[in-house]
Amino acid sequence: MLGIFKQKLVNAPKELNSPASLNSCTKPKLSHEVLKDFMSCNSSNAFSMCFGSDALLAYSPSNKPSIHHRLFSGLDNIYCVFLGGLHNLSMLNKQYGLSKGTNEARFIIEAYRTLRDRGPYPVDQVLKELEGSFGFVIYDNKDGTVFVASGSNGHIGLYWGIAADGSVTISENLELIKASCAKSFAPFPTGCMFHSEHGLMNFEHPTQKMKAMPRIDSEGVMCGANFNVDSQSKIQVMPRVGSEANWATWG
């Protein structure tokens, strides 16, 4: 999968952008070049969706059997790419009043839509209820917002970085991210969620801030940053998603 989002949509952590990219032998690429690389290295049934000039999602189904699903779904101008598998999907579908055949990507959209439209649960609690391995990217074309999350067990690795035009690039393909973002990339932190308007948060420790730690590669060069929970910090608890707040405006 691949997600590319212009700066006007996504304000990524500044620590992700490494000045070493300017002097790297591998130069960061422009968004259209990143997409071209993705399409050329994936199967013939890969496809992409552009949302004006600000956002792009690309997806390719897996060409070999795996316990981890690769799914794409769209509903009511909300689009989701999902990687992994949820052990408790049947229970979650029942809880949200969805049909038994609803897959993980469609469930994530339904959960997001419920929370965005004033559902009863805080976002971090909903993510903690997902049992299994997961990584997903949501683009809400109606609100122009991006939401990314990665499960805490680390079985689904996502990576994010900064392309040559400043766009945030997200994929599970490490080699694609490295070739696209030069030194300005890092693993997306596990157990975390990122909202385009309100930044990065650990959903297992929602009352604590995230701390950027310099990330040094095998060449001894600073390469983006790792983000960890700052155990010494405290932040205001994310408001419940109810009559006074919704998922589109939390923070």
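The model is predicted. Its largest nonpolar core holds 31 residues, and another core, of 29 residues, lies apart from it. A search of the whole structure finds zero disulfides.

**Nonpolar cores**
- In the largest nonpolar core, the residues that touch the most other members are Phe5, Leu57, Tyr139, Val148, Trp160, Phe188 and Leu200.
- At least two residues of this core come from each of β3 (55-59), β5 (78-86), β6 (132-140), β7 (145-150), β8 (159-162), β9 (168-171), β11 (192-195) and β14 (222-229).
- Leaving aside residues up to four places away in sequence, Leu57 touches Leu2, Gly3, Phe5, Phe47, Ser48, Met49, Phe51, Phe72, Tyr79, Val81, Val137 and Tyr139.
- The other core, of 29 residues, includes Leu71, Leu92, Leu130 and Met201.

**Helix α1**
- Helix α1 spans residues 31-40, and its buried residues are Ser31, Val34, Leu35 and Phe38.
- Viewed down the axis of α1, these buried residues fall within an arc of 95°, so they line one face of the helix.
- That buried set packs against β1 (2-5), β2 (47-51), β3, β9 and α5 (174-181).
- On the face turned away from the buried side, α1 carries the exposed residues His32, Lys36 and Ser40.

**Cysteines**
- Cys50 has a relative accessible area of 54%, so Cys50 counts as exposed, the cut-off being over 50%.
- Cys192 is buried, at 1% relative accessibility.

Technical notes:
Residues are numbered from 1 along each chain as its sequence is written. This is a predicted model: local features need pLDDT of at least 70, side-chain atom pairs count only at pLDDT 80 or more; totals for chains, interfaces and linings use all residues. Side-chain values use heavy atoms; hydrogens and water are left out. A nonpolar core is a set of buried Ala, Val, Leu, Ile, Met, Phe, Trp, Tyr and Cys residues joined through side-chain atoms within 4.5 Å. Buried means under 20% relative accessible area, exposed over 50%, partly exposed in between (1.4 Å probe, protein chains only). Helices (H or I, at least four residues) and strands (E, at least two) are DSSP runs, numbered from the N terminus. Contact means heavy atoms within 4.5 Å. The arc is that of the directions from the helix axis to the C-beta atoms. A disulfide is a pair of cysteine sulfur atoms within 2.5 Å.
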